[in-house]
Each structure stands twice: as C-alpha cells, then as structure tokens.
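Q: I have a structure open and would like to talk it through. Could we start with how its strands are joined?

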Amino acid sequence: MKIRSTFLLAATLLATPLAASAADDADLRALRDEVARLRESYEIRIAALEKRLIQAEARAHSAETGATSAETPAATPTAAPAGANAFNPNVSLILSGTYGNLSRDPAAYGITGFHLPNAVLGDIAPRRGFSLGESELGLSANVDQLFYGAMNFSIHPDNTVSTEEAFIQTTALPQGLTLKAGRYFSGIGYANEQHAHTWDFVDQPLAYQAFLGGQFNNDGVQLRWLAPTDSFLEVGAELGRGANYPGTERNRNGAGAGAIFAHLGGDAGISHSWRAGLSLLATAPRDRQWDDVNTAGAAVSNSFSGSSRVWIADGVWKWAPNGNGQVTNFKLQGEYLRRVEDGSLSYNLNGVLPATGSYAATQSGWYVQGIYQFAPYWRLGLRTERLDSGTVDYGSNNFVLARPDYAPSRNSLMLDFNPSEFSRLRLQYAQDKSLRGVTDNEIFLQYQMSLGAHGAHRF
Amino acid sequence: MSHRSITSLLALALGMLALPACAALNILACEPEWGALAQQLGGDKVTIYQATNAFQDPHHVQAKPSLLARARNADMVVCTGAQLEIGWLPILLQQAGNPKIQAGQPGNFEAAQFVRRLEVPTSVDRSLGDVHPGGNPHIQTDPRNIGLVAEALARRLADIDPANRAYYQANAKAFAERWNAAVRNWETEAAPLRGMNIVVHHKAFVYLENWLGLREVATLEPRPGVEPTGAHLSEVLAQLQRQPARAVIRAAYSDGRGSEWLAERAKIPALVLPFTVGGSDRAKDLFGLFDDTVQKLLSAAR
C-alpha cells in the first residue's frame, strides 16, 4: 500500500513536467498571439487618442494662434477650501483701541439742554485712559439665490457685547428693490449707516449723539428702491420696533418707529462725486427717562411720552484728481439734524410729587467736516459742530424746569496714518463745549485694524 | 408755489424717471479694456458704461452713487474678477436691486475665469501685502488673454441676448481674425524684448512679461499695494548696479515719483505703459493699447 502510493506520487510528479513540455509549444504560441492581440488593440487605442489629441491641439491653436502659455483656457482652480467649510461665511474682525486724555472728568459728561437717558450718556461719554474701542466681529454670506445675510457683533469698552446688525437682505428682487429685515443701522442720514471703523473721527458728531444716541439701529424691515435713472436716486422706508433712543421699548403690537429717506447723487466730471439726502425718523417713546435738576437745584427725574421726529439733511462731496485718490483726495461732509418732540412730560421730585404736563421741544444741530489726504497714507481732518437747544416748552412744569438757552459746540482736529487698507492709527484733539461753562480738552490715540475678509465700503 | 411750477416740477420728476428708450444691452464695464472689448463684440447692440478710466486704480474705486445707478440698470457687468474689484463691486451688487448681475448669473461676467492665471498663491497672508487669492488679476496685459476673453464674452452676450446671437458670433469671428494677426505682428516686433530686464512699480505686468519674455528683476512697491518707500527704492537702486535693467515701467494710474526717482539715478528710462485702453494717446482701442505698449518697450530696448 505504502509502496504503491509512493510510486503513484513519483509517477505523477514525473508526469507533470513531461505533460508541460508537451504542451509548451502550443501554449507559448497562444500566449504570443494573446500579447500580439493586446499590443494591437492598445496601439489602435493609442493611435486614436493621439489623433484626438492632435485634433484638439489644432483646434486650440486655430482658436488663438501662436498662443503657448495662454493656451489652456480652462480656469485655474483657485485653492478653494474643500469640504463642509467651503460654505463658511466671510469673517471679518475689527480690532480697535483708544487712549483718551481728558481735562475734565467724563462722569459729569452731558450735553446742556439735551435730555439724554443715562444709558445713552454712558455710551457717548468719552473715556479716560486706555480702553478697548469698538471691536467688531462680522459674518456675512449669500444665504441662497434669493437672500444675503450678515451679522455684526460689537464688543464695547465696558466689556459688554451687543449685536449691532443681524439682517437678511434680498438679492433677487427686480426693479431696483431691496428688502432688508432684522436688526440694521437705519438708512437715515449719511453717517448713520457707517460702522465705527469707517468713521473719520474717534466719535460720532454731537448732533448724532444728542438726537440719535450716537447711531440709530432698529429691529424691523426696510425697503429701498433705486430709480431706473442714469443719475442716482434712491428712496427707502422702514418700519421697526424703535426700542432705541430716541424711541423706547414699548411692549405693544405694531411699529414703534418709522423712517423714510431719499438720496440723490452723481458725478461732476471725473474728479468729483457727491450724494445728498433728506430723511425723517419718527419714533413713539413711552416713558423715556432722564435725570435733571430743577430750578431750585434739586435732582429730579423726568420722563417723556409722545412723538419724536428727527429730520436730517445730509450731503457729502468727494474729490480725487482724475478720480484716483491714491495720492491725494478730499471729502467734505455735513449734516443738519432737527428734532421735534411733542407729548407729555412727567416731572418727578424724589417720587413725592409726580406732576404731568405737556412737553414740546424743537432742537437742532449740525456738523461739517473735511478730510484731506495730503500724501499717501496720511489724512488730516477737521470737524466743527454746534447744537441749538432751540425751544423747549414744559407746559405746566415750566416753573420748575429751566428752559435751556445754550449752544453746545465742539471742534475736532485729527490726523491719521493708514499703513495699508487694513490698518489705521489716529491722533485726535477736540475742544468740547458740550456742557455749559465747561471746556474739555480731549486728546485721543486710536488704532483700528481690520482682519479677514476684505471689506467693501459704502460711498 | 404756483400751479404751473408744480406741473413743471412733476414733468421734471417724470422725465427723470422715464426709462431710456433704447433696447440695447446695458453693460457696466469695470475696467476700460473690457468696455472696449464688449464694444468690439457688441457693436450697436450694446451700450457701454465705463466704471473706471485708465487713470484710476481699479483696486481703489469707490462704490459711487453714479456707479450704483448704472449697476441698477445694467443687463450685464463685465469685470476682471479675481478680487480686483473687491473693494467696491460687492456693494454695487448688494445695493443695486438688480438680480441680473448677481454673482453666478449670466449677467455677471468675470474675465479672469477664462484665462490661466499666474501667481496664484498657495497661501495668503496680509503681511505679504495686497495679494489676491485667485492669482494676479491684471490679465489684460497679455493680448492672448484678450483673445480668450473675447471668445467667452461673445458666447455670454449671445446667451443673454439670443436674438442677436449671429451678430455677436460674426463680430467675434472678425475680431479673432484681426486680433490673432495683430498678436503675431506684435510678437514679431517684440522679439528683441525677449530676456530684457525690467523693474516694475506694481506687480501688474506678469502677464505681459510672460508673453514677451521680459524679466522682472525688481518691484518698486516693497509689497503689493504698498507704495514705494525711500529705503526700498535705495535697495532697488543698489540691486540695479549688480543686475542692470533697461527700463522701469508703471501703469498710467500709478504715482510716478518712485519710478522717476529710480530712473534718474539708474540712468534708465521710466516708461508709462497705457496698461488699458485710454491710458495713452495712442491706446485709443485694444489694438492701439498693444501697439503703444510694444513700441514703448522697444524704445527702451534700443
């Protein structure tokens, strides 16, 4: 058994190479044929490819004769971020800081004759020493084919964070229409829509501070219409909550603020361009409070309810030689604000004797500023401004509250250095006579830097 | 106010609002070269408004009210793209209330998409100056790019205005023939420029250099978009002692002080190239633009 199986195994082992050598010739022939067929088929395919390549080259060649390096019309794909974050919104970060040297204590800051709530005073009062300026974080992107969205957080010197803007805006409405909803800077005036990092001075004009609390933003809707004309004509209307000064929080249905505005603009030759506008903001404050002093010198608390209307006439004119502002350019900007308030005033002396009477006030103010870039990177600016405390009628409270007759004013001079589009260092000197009998000499140093997405600025 | 003056005011207001009574395609051209090209291809079927002229730096234009008004009425914007107009075009698109010209729509034409862009950075950082993530945007300094853009623009015009498709195609064909012949001529004329060393004010000529084989040995701007400084100019001057250049060139809109300073000390000519249509007396159209550019460069080579 054992011997037989060994023999069989040996026979098999021996038989295999024998069989192989017998089949050798036929197999090799088959293999050679196979390789030849493969080579033939590849050669045919390569030839076809080469032919197509030559044809493609010929086409490209005839399209732009002689072109060599510019021959590939395909766009070079830019290094676009791949994956989920490809759709991340544009991020822009504004960093700002100031140093203030004031000759007066800002705790006593106020604007004589203009009744500002404490919260507004806290916002607009200058600060001494080092402080963080308005640093902003902005996110923006197209939502889809119909909407654009943007949000702006602002970090204030007192370490509070507010949402300056958070809105959606249409991009696909026809006929020059744009609808915006959410929180946004109202389109009234010229300076109102501009973010702090595009201001030409450290602070907003006095008139903006006195009548709008610096800058008026609103929660609501805005509709703008751009006329189909060759010269610029834009009109807009807003309805909103009106919770911010000069309005107040109201806890009611309907709108607490309405605004309409119209802007005209155009060019005068190549070197000049301009824009002028007229706006009206109407709010309905309820119980807007401020601290005051009565004729006897006692501290009182007043509150106003009624209607507040702010009219603004604004104009800006820009000059750049040949429209090229790289070396020198000049900007002249001015606005006139007039506020008419009508309603009732509740006079409150330590809570003991609340007396409600009528209230009617018409007050106004203006500023004019010029910014001159005298050399690349260097700009010099001068702003002069004045408020008129106007006529204030306290009705039955006229005998306890003094009617103001003072014209607050301020003059500011600034010099800024802009090493690039993205950075700015500023020195500002102001002589501030907002308070009667007080002259505050203010010196500010400021930096403003912008990081991230390249911002596009309004005119 | 009298009844009559009210009526005349109303008439004036209505007159201002009246639509322009022409059916031509309204095109807002961000730069003069694209305005000239659109005019070549569109002929009397288009009305062109030039947003900028040759003496304005297209990086630094403002979103002026006049531009907003034109953007609102435009059927098409023709721009370079590659972020050249990033400081102002987004505002126009956002505020114009015009869906036709929004990004991604046929009415939003970006020329840089149709050419091979140079100097596409692999990483970007603002410390390097005003760099463009999409590559150098000054594509119009190579006429072969103009040819490529012309082809794409003619197709786009036909897409937007299909009624005149044949007209645009015929214009494009005629233009391509003339243009290709002109390019061959310029190339023959410019043969002596191959390998010529030049200094540039701004990195605005890479496509021109690539086309004609010019060698850029230095830039006057220490970093893109940063004006020349005294220290940097001195460095460039010292460099030119070791590595001489034949000319210092700048665009018509660039401030001339840096290149004049260098030209005087290095004893080389300071050339103001038209850079775009309208940038010199001879650059009246696209053909004149390159006639003049090549001639000016040749004058320095001799």
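A: In this predicted model, strand S1 (residues 25–29) of chain B runs parallel to strand S3 (residues 76–79) of chain B, and three bridges join them.

Q: Which residue is the bridge partner of B:Leu28 in S3(B)?

A: The partner of B:Leu28 is B:Val77.

Q: What is the order of the four strands in the open sheet of chain B?

A: The order is S2-S1-S3-S4, and the pairing is parallel.

Q: Which strands stand at the edges there?

A: Strand S2 (46–50) and strand S4 (108–110) of chain B do. Each has a single partner strand, so one side of each is left without a neighbour in the sheet.

Q: By how many degrees are neighbouring strands of this sheet turned against each other?

A: The average is 20 degrees, with direction ignored.

Q: Changing topic: how many residues does each chain give to the contact?

A: Chain A contributes 51 residues and chain B contributes 56 residues.

Q: Which elements of chain A give two or more residues to that side?

A: They are strands S6 (177–185), S7 (217–226), S8 (232–240), S9 (257–268) and S10 (272–283) of chain A. S9(A) gives the most, with three residues.

Q: How many residues on that side of chain A are nonpolar, polar and charged?

A: The side of chain A that touches chain B has 22 nonpolar, 22 polar and seven charged residues.

Q: Lastly, into which domains is chain A divided?

A: Chain A has domain 1 (31–62) and domain 2 (94–452). The C-alpha centres of these two domains of chain A lie 73 Å apart.

Conventions
Residues are numbered from 1 along each chain as its sequence is written. Chains are lettered from A and ligands numbered from 1 in the order in which they are written. This is a predicted model: local features need pLDDT of at least 70, side-chain atom pairs count only at pLDDT 80 or more; totals for chains, interfaces and linings use all residues. Two strands pair if DSSP finds at least two bridges between them. Axes are lines fitted to C-alpha atoms, for helices over the stretch in contact, and angles run from 0 to 180 degrees between N-to-C directions. Domain bounds come from an automatic or database domain assignment. Two residues are in contact if their C-beta atoms, placed from the backbone, lie within 7 Å. Ala, Val, Leu, Ile, Met, Phe, Trp, Tyr, Cys and Pro count as nonpolar, Asp, Glu, Lys and Arg as charged, and the others, Gly among them, as polar.
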